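Work through the exercises below with the sequence and the model side by side. Try each task before reading its solution.

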Amino acid sequence: MSATAVHSLWTTAATAADPIAKIDAPKIEYGQLSPVLIVLGAAIIGILVEAFVPRRSRYYAQMFVSAVALIAAFASIVALAAGGYGTTKAGIAAMGAVAVDGPALFLQGTILLTSLVGLFTFAERRLDPEQHGNRVDSFAAQAAAVPGSESEQKAVKAGFTTTEVFPLLLFAVAGMLVFPAANDLLTLFVALEVFSLPLYLLCALARRKRLMSQEAAVKYFLLGAFASAFTLFGIALLYGYAGSMSYGTIAQVVDGTVQNVTPALADTMGNDALLLVGSALIVMGLLFKVGAVPFHMWTPDVYQGAPTPVTGFMAAATKVAAFGALLRILYVVLPGLRWDWRPVMWGVAIITMLAGAIVAITQTDIKRLLAYSSIAHAGFILAGVIATTPEGISSVLFYLAAYSFVTIGAFAVVTLVRDAGGEATHLSKWAGLGRRSPLVAAVFAVFLLAFAGIPLTSGFSGKFAVFKAAAEGGAAPLVVIGVISSAIAAFFYIRVIVLMFFSEPRPEGPTVAVPSPLTMTAIGVGVAVTVVLGVAPQYFLDLAGQAGVFVR
């Protein structure tokens, strides 16, 4: 058959079915997507800065672009919230791909503020002594150089710095902004990859202990790839079950309220195995990102090996994004499966709280201790998720906001305590820190008390809100276990405080570096938020309460 004949057959078939008339032009609400677009645009500008700006000016240019972008994106969140997009005008944007509602805006605002504070710790250049007359930061002089090689020594001597960390941070933030707001499974997966890949890279870029840093990145990458694969497989099964990627449509199929049932859909709707296994795999991928037991094994190694500014940013912002996505999946897509997922989440929350608290007692490294502490906190937040009430949502939002600032402040303090090998993270080296540097030790003690949930700190307000919601949601036994776990956790936080203030300082102990105003601001914001949310939390609880309604 000739090519002309084939072409004419094709055009005849096309005219008969007329598919061209059915493809609608996409309608994108750029105003409602502005926070994400601003951050993505700035990340792309950051890449151009790397390509075209002279090396000595890049640090300041990147710092300026990143800070302006995060502030502008936060301003657009505030403008959207003021315009009623968190309450009355909440809706679905970008052809059904992204939800613009209260929880999305609240979580995006939290992510942007913690990222801005994290950016200050990334940009810190006064903690290490100058090398060859150049100020240095926490990141490798040249990421591509083999650790300890001649090329690395040349890069250090030449005063190179890895300013690519700023656009990587912005790409991670952009993915995190979309993740809790995703309204279909494909968008969820794309956002997951967009924020995971920059984090894998950032974990490998430590200036000191480079081999350990690279090992942490490889572990994170491999386990993260497994988790992504589980998520993707779960998405495929759910699509097979419901014939749609959209959260709203899947929820209708699960509930049995879907309108037009085709014969193909009727066949798959009866197959509960697709639904249960698919949902379990997606939730498993999200629990990995949250750091819940038994998907937590990457957390201590990655937290310990990654550069401390990256650990702080990752510990704060990733948890906010992942819990936001988990809430939306459970409350919007799978409310009809509540009786199936609640008992499983009970089990996960209980072992996460207890394992995080008990294993933390045995840790001798401050970063590993904070990692296990973050696992225990994931368990506490899951108690609020299990409540399945509007109060459950708002208590989780409040807890995430409170927790993220305490975390980033605590890791910022860890960057200050140094010896000849860089950061002194072994607990024995923190002995007597309160006598050598009372202010730093006192600030760290405030963060530890907040983690422990002592009254008049944000940790207490957050735990109280979450446990109250869980108790009212019928999960009282979970609250009892949560309180016991909190008591166990309080032991090792207070042990560190005792070590700092009531032990004799060692003569060869570490020094406390004097940071630039950037790290001081990060720590100051952390302390301020911790105290304000502890002493007067009501305004913020009300704000989380107003933001606690998902759009369906």
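This is a predicted model: local features need pLDDT of at least 70, side-chain atom pairs count only at pLDDT 80 or more; totals for chains, interfaces and linings use all residues.

Residues are numbered from 1 along each chain as its sequence is written, and side-chain values use heavy atoms, with hydrogens and water left out.

**Exercise 1. Check the length of helix α18 against its number of residues.**

Step 1. Find the helix. Helices are DSSP runs of H or I with at least four residues, strands are runs of E with at least two, and both are numbered from the N terminus. Helix α18 covers residues 438-452, which is 15 residues.

Step 2. Work out the span. The expected value is 1.5 Å times one less than the number of residues. For α18 that gives 21 Å.

Step 3. Compare. The end C-alpha atoms of α18 are 21 Å apart, so the two values agree.

Step 4. Look at burial. Buried means under 20% relative accessible area, exposed over 50%, and partly exposed in between, with a 1.4 Å probe and protein chains only. The buried residues of α18 include V440, F444, F447 and F451. An α-helix has 3.6 residues a turn, so residues three or four places apart point the same way.

**Exercise 2. Describe the lining of the largest pocket and that of the second largest pocket.**

Step 1. On a 1 Å grid over the protein atoms alone, a pocket is an open set of points with protein on both sides within 12 Å along at least five of seven lines; in a cavity, a 1.4 Å probe fits but cannot get out; lining residues have an atom within 4 Å of a point. Grid points are joined across faces, edges and corners, and a volume is the space filled by probe spheres set on the points.

Step 2. Take the largest pocket. Its volume is about 720 Å³. It has 29 lining residues, with F74, F106, G109, F540 and L543 nearest its centre. Helix α4 gives the largest share of this lining, nine residues.

Step 3. Sort by class. Ala, Val, Leu, Ile, Met, Phe, Trp, Tyr, Cys and Pro count as nonpolar, Asp, Glu, Lys and Arg as charged, and the others, Gly among them, as polar. The lining of the largest pocket has 22 nonpolar, seven polar and no charged residues.

Step 4. Of its 17 lining residues, R56, Y59, Y60, R125 and R135 lie nearest the centre. Helix α3 supplies the largest share, five residues. This lining has seven nonpolar, five polar and five charged residues.

Step 5. Look at two of those central residues. R125 lies over the face of Y59, 3.9 Å from the ring centre. A charge sits over a ring if NZ of Lys or CZ of Arg is within 6 Å of the ring centre and within 35 degrees of the ring normal.

**Exercise 3. How many cavities of 30 Å³ or more does the whole structure hold?**

Step 1. Count. The search finds five.

Step 2. Take the largest cavity. Its volume is about 100 Å³. Among its 14 lining residues, Q32, V98, V100, Q108 and A181 are closest to the centre.

Step 3. Take the second largest cavity, with about 60 Å³ of space. Its lining includes A450 and F451. Elements giving two or more residues to this lining are α16, α18 and α19 (458-472). Helix α16 gives the most, four residues.

**Exercise 4. Classify the ring pair of F380 and F467.**

Step 1. Set the limits. Rings of Phe, Tyr and Trp (its six-membered ring) pair if their centres lie within 6.5 Å; planes under 30 degrees apart count as stacked, over 60 as edge-to-face and the rest as tilted. The structure holds 19 aromatic pairs.

Step 2. Apply them. The ring centres of F380 and F467 are 5.9 Å apart and the planes are at 85°, so the pair is edge-to-face.

Step 3. F380 is in helix α15 (residues 366-386) and F467 is in helix α19, 87 residues apart.

Step 4. Check burial. F380 is buried, at 1% relative accessible area. F467 is buried too, at 10%.
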